[in-house]
Amino acid sequence: MTDFILALLGAALVNNLILVLPLGTDALRQPRSRSLALAGGLLLALATPLAWALDRLLAPLGLGYLGIALFIPALLPLAWASLALLARVAPRLPRDGLLPLLLGNGAALGAMLLAAAGDFTSALGLGIGGGIGFWVALRLFDDLLQRVEAADVPAPFRGLPVMLVCAGLMGVALLGFNGMVAA
């Protein structure tokens with residue numbers, strides 16, 4: 001149980017899969033960011049236990065090297081399932097155009113690779129914590145960018161430069177949790 005809690009807190013706060021580790025920076029700032037945050041978090045929570053199970057099936061056969069070749073195609077039904085679950089839970093949220101963003105999500109593949117190396121409780125904690133961290137980071141980033149849009153930003157810093165500065169500041173802010181949990 002301790003492994004689960006440490007992996008959960010570590011993935012959500014210390015080793016945030018979006019800002020601290022460069023695994024999920026493909027998330028775009030658009031009106032559908034809330035949908036992307038929820039679907040991406042759910043995808044992470046579903047993908048990591050599956051990756052652990054696939055690795056446990058392949059390892060005794062000596063086929064562990066095929067893991068990544070199976071993880072990538074496994075993301076398609078998981079991404080579809082997370083969007084279907086999102087449609088059932090929150091039908092008013094827009095879902096158009098999210099499937100390619102979920103399939104190209106580096107956080108999901110990175111979490112799958114990390115989960116395959118550990119035990120089941122760590123994989124489950126990484127998935128749930130990573131999903132929560134994905135959602136938290138996208139929501140905070142969206143809120144931060146709304147504040148920046150309302151501020152008087154000099155012309156050369158508008159757009160991508162201020163987005164990169166905001167992402168860097170959020171990464172540094174989350175590094176403050178680094179001493180809280182030994183990952």
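**Entry 1: the model.** I am working from a predicted model.

**Entry 2: serine 35.** I looked up where serine 35 sits. Helix H2, residues 33-58, contains serine 35. Is serine 35 buried or exposed? I found a relative accessibility of 1% for serine 35. The cut-off for buried is under 20%, so serine 35 counts as buried. Next I listed its contacts, leaving aside neighbours within four places in sequence. Serine 35 touches Leu86, Leu93, Pro94 and Leu98.

**Entry 3: the record.** I checked UniProt for this chain. The unreviewed entry lists "transmembrane region" at residues 6-24, 36-54, 66-86, 98-117, 123-141 and 162-181. I then took two of these spans to the model. Residues 36-54 are 100% helix and 0% strand. Their end C-alpha atoms lie 26 Å apart. Residues 98-117 are 85% helix and 0% strand. For residues 98-117, the end C-alpha atoms are 29 Å apart.

**Entry 4: H5 and H6.** I turned to helix H5 (residues 106-116) and helix H6 (residues 120-150). How do they pack? Their axes are 9 Å apart, at an angle of about 160°. Over 145 degrees counts as roughly antiparallel, so H5 and H6 are roughly antiparallel to each other. The crossing of H5 past H6 is right-handed. From H5, the contact uses Ala107, Ala111, Leu114 and Ala115. From H6, Ala123, Leu126 and Phe134 take part. I sorted the contact residues by type: seven are nonpolar, none polar and none charged.

Definitions and conventions
Residues numbered from 1 in each chain as written. Predicted model: local features only at pLDDT ≥ 70, side-chain atom pairs only at ≥ 80, totals over all residues. Heavy atoms only, no water. Helix = DSSP H or I, 4+ residues; strand = E, 2+ residues; numbered from the N terminus. Buried < 20%, exposed > 50% of the residue type's maximum accessible area, 1.4 Å probe, protein only. Contact = heavy atoms within 4.5 Å. UniProt positions renumbered as here; feature names shortened; annotations may be inferred. Axes fitted to C-alpha atoms, helices over the stretch in contact; angles between N-to-C directions. Parallel < 35°, antiparallel > 145°, perpendicular 65-115°, else oblique. Left-handed = near helix turned anticlockwise from the far one by under 90°. Nonpolar A, V, L, I, M, F, W, Y, C, P; charged D, E, K, R; others polar.
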